[in-house]
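Please look over the sequence and the model below, and then follow the text from the ligand to the charged side chains.

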Amino acid sequence: FDLTGQINGVPFDRLFLNASGVHCQSTTELDELLQDEFVGGAVTKSATLEKRAGNPAPRYYELANGSINSMGLPNNGFDYYIQYVLQFHAKPTILSVAGLSADDDIQLLNQIQDSDYQGLTELNLSCPNVIGKPQMAYDFEGTQALLQSVFSFFKKPLGVKLPPYFDLVHFDQITAILNQFPLTHVNSINSIGNGLWVDVASESVVIKPKGGFGGLGGKMVLPTALANVRALRQRLNDSIKVIGTGGVQTGADVFAHILCGAELVSIGTQLQAEGIGVYHRLTNELERIMADKGYTALADFRGKLNTI
Ligand SMILES: CC(C)(C)CCc1c(C(=O)O)[nH]c(=O)[nH]c1=O
C-alpha cells in the first residue's frame with residue numbers, strides 16, 4: 001500500500017505524525033517516533049524562546065471520550081529543538097514554534113531563518129496574543145499583520161497550526177488571509193479551546209490550571225477536526241497542504257481525514273493513551289479498509305469525500 005504524502009516536496013513515506021505536544025518534548029521521545037516503521041515524521045513540542053516548566057499538575061486528564069489539557073507550553077526551549085532538528089534524521093521533522101507574543105514569534109522565526117535548518121517549520125497560531133485579545137488565530141487582523149511581517153524576512157518552508165473554527169464565514173476569512181502567503185501547509189486542528197470537565201464524585205474540575213478550563217482532544221473532537229480539514233481543503237490554494245489532526249482513534253477515522261483532504265494525519269490523545277503501538281494498529285486498520293475498497297494508495301481517495 002502506498003501510504004505516502006509530501007509537504008513542500010518533502011516526501012513522507014508514511015502518513016502518520018504525532019500531534020505537537022504529545023510524545024515530543026524530549027529527544028528520546030522524538031527519536032522513538034522517528035525510529036518507528038509506521039511513523040512518517042515527528043513534530044516537536046512547540047518551542048518557546050526559553051525553556052519552560054509549564055503549568056502545575058494535574059494539567060492533562062484522560063476522559064472516556066478524549067482528553068483535556070492546560071499544559072502551559074512546557075518545553076526545553078528553542079535551542080534544544082533546533083539542535084535536534086539540525087541533526088541528521090532518516091525521516092522528516094517539523095519544528096513547531098510558539099511565541100508568547102507576536103514579537104516572540106518574530107524572534108523565533110528570525111533565529112530559524114539565520115540557522116542552517118532547511119526542514120519544515122510550523123508556527124503555532126494558538127499562541128497567546130496581547131491581553132484582552134483572543135488567541136492569535138482568532139484575531140484575523142492580528143494574524144494578517146503577523147504573517148505579513150513574518151514573510152517579509154522568512155524565506156524558508158513555513159506552515160501554521162490552527163485551532164478549530166466553527167463558523168463557515170470564519171473559514172472564508174482565515175483562508176482569505178492564508179492564501180496570500182507561500183505557506184507549505186496548515187495543520188488543523190489544535191485542541192478545542194477552553195473546555196471544562198466536571199468530576200461529579202468530587203464535585204470538582206479535573207485539571208489545576210485555569211480553574212479547570214483546558215483544550216479538548218480525542219474522540220469527541222473528530223467531527224470538528226473533519227469539518228476543519230474539509231473546509232480548509234476546499235478553500236486553500238492547492239499548494240498549501242492540510243495536515244489532519246484531531247480525534248483519530250481508528251483506521252476508519254484516519255480514512256475519513258484523508259477523504260476530507262488530509263495529506264498527513266497526526267495522532268495526539270490516542271498516542272498519549274495507547275503509546276507508540278498505536279501507529280502499527282492504525283496502519284493495519286487503514287490498510288484493511290483500503291483493501292476492502294480496492295484502493296492501493298491514499299491518492300486513490302484523498303479529498304474525494306462524496307456529498308449527497
Ligand atoms: C495553548 C498554548 C499554551 C497557548 C499553546 C500550547 C498548547 C498547549 C499547551 O501547552 O497547553 N496545549 C494544546 O492543546 N495546544 C497548544 O497549542
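A polar contact is a pair of N or O atoms within 3.5 Å. With that cut-off in mind, and remembering that this is a predicted model, the reader can begin at the ligand, where a polar side-chain atom of Lys-45 lies 2.9 Å from an oxygen atom of the ligand. Taken on its own, the ligand has 390 Å² of accessible area, and the protein covers 76% of it. The residues that surround the ligand include Asn-69, Ser-70, Met-71, Gly-72, Leu-73 and Pro-74, and among them are also Ser-126, Pro-128 and Ser-191.

From the ligand we turn to the charged side chains. The structure holds seven salt bridges, and one of them joins the side chains of Lys-219 and Asp-253, with N and O 3.4 Å apart. Because Lys-219 lies in the loop between strand 14 (213-217) and helix 6 (222-235), while Asp-253 belongs to helix 7 (residues 251-259), this pair ties together parts that are 34 residues apart in sequence. Lys-219 is partly exposed, at a relative accessible area of 32%, but Asp-253 is buried, at 6%.

Another salt bridge is formed by Glu-263 and Lys-241, whose closest N and O atoms are 3.3 Å apart. This pair, too, links distant parts of the chain, since Glu-263 sits in the loop between helix 7 and strand 16 (264-267) and Lys-241 in strand 15 (residues 241-245), 22 residues away. Glu-263 counts as buried at 7% relative accessibility, and Lys-241 is buried with a relative accessible area of 16%. Together with Arg-302, Lys-241 and Glu-263 are linked in a network of salt bridges.

The side chains of Glu-274 and Arg-281 also meet in a salt bridge, with an N to O distance of 2.7 Å. Here Glu-274 is partly exposed at 33% relative accessibility, and Arg-281 is partly exposed at 24%.

What does a buried lysine without a salt bridge reach with its side chain? Lys-156, in the loop between helix 4 (140-150) and strand 9 (158-162), is such a residue, and the nearest side chain of opposite charge, that of Asp-116, is 6.3 Å away. The side chain of Lys-156 instead reaches the backbone oxygen of Tyr-117 at 2.9 Å. Leaving aside residues up to four places away in sequence, Lys-156 touches Ile-112, Gln-113, Ser-115, Asp-116, Tyr-117 and Gln-118.

Note on methods:
Residues numbered from 1 in each chain as written. Predicted model: local features only at pLDDT ≥ 70, side-chain atom pairs only at ≥ 80, totals over all residues. Heavy atoms only, no water. Helix = DSSP H or I, 4+ residues; strand = E, 2+ residues; numbered from the N terminus. Buried < 20%, exposed > 50% of the residue type's maximum accessible area, 1.4 Å probe, protein only. Lys, Arg positive; Asp, Glu negative; His and termini not counted. Salt bridge = Lys/Arg side-chain N within 4 Å of Asp/Glu carboxyl O. Polar contact = N/O pair within 3.5 Å; in protein donor to acceptor, adjacent residues only side chain to side chain. Contact = heavy atoms within 4.5 Å. Near = heavy atom within 4 Å. Areas by Shrake-Rupley, 256 points an atom, 1.4 Å probe, with all protein chains shown as cover.
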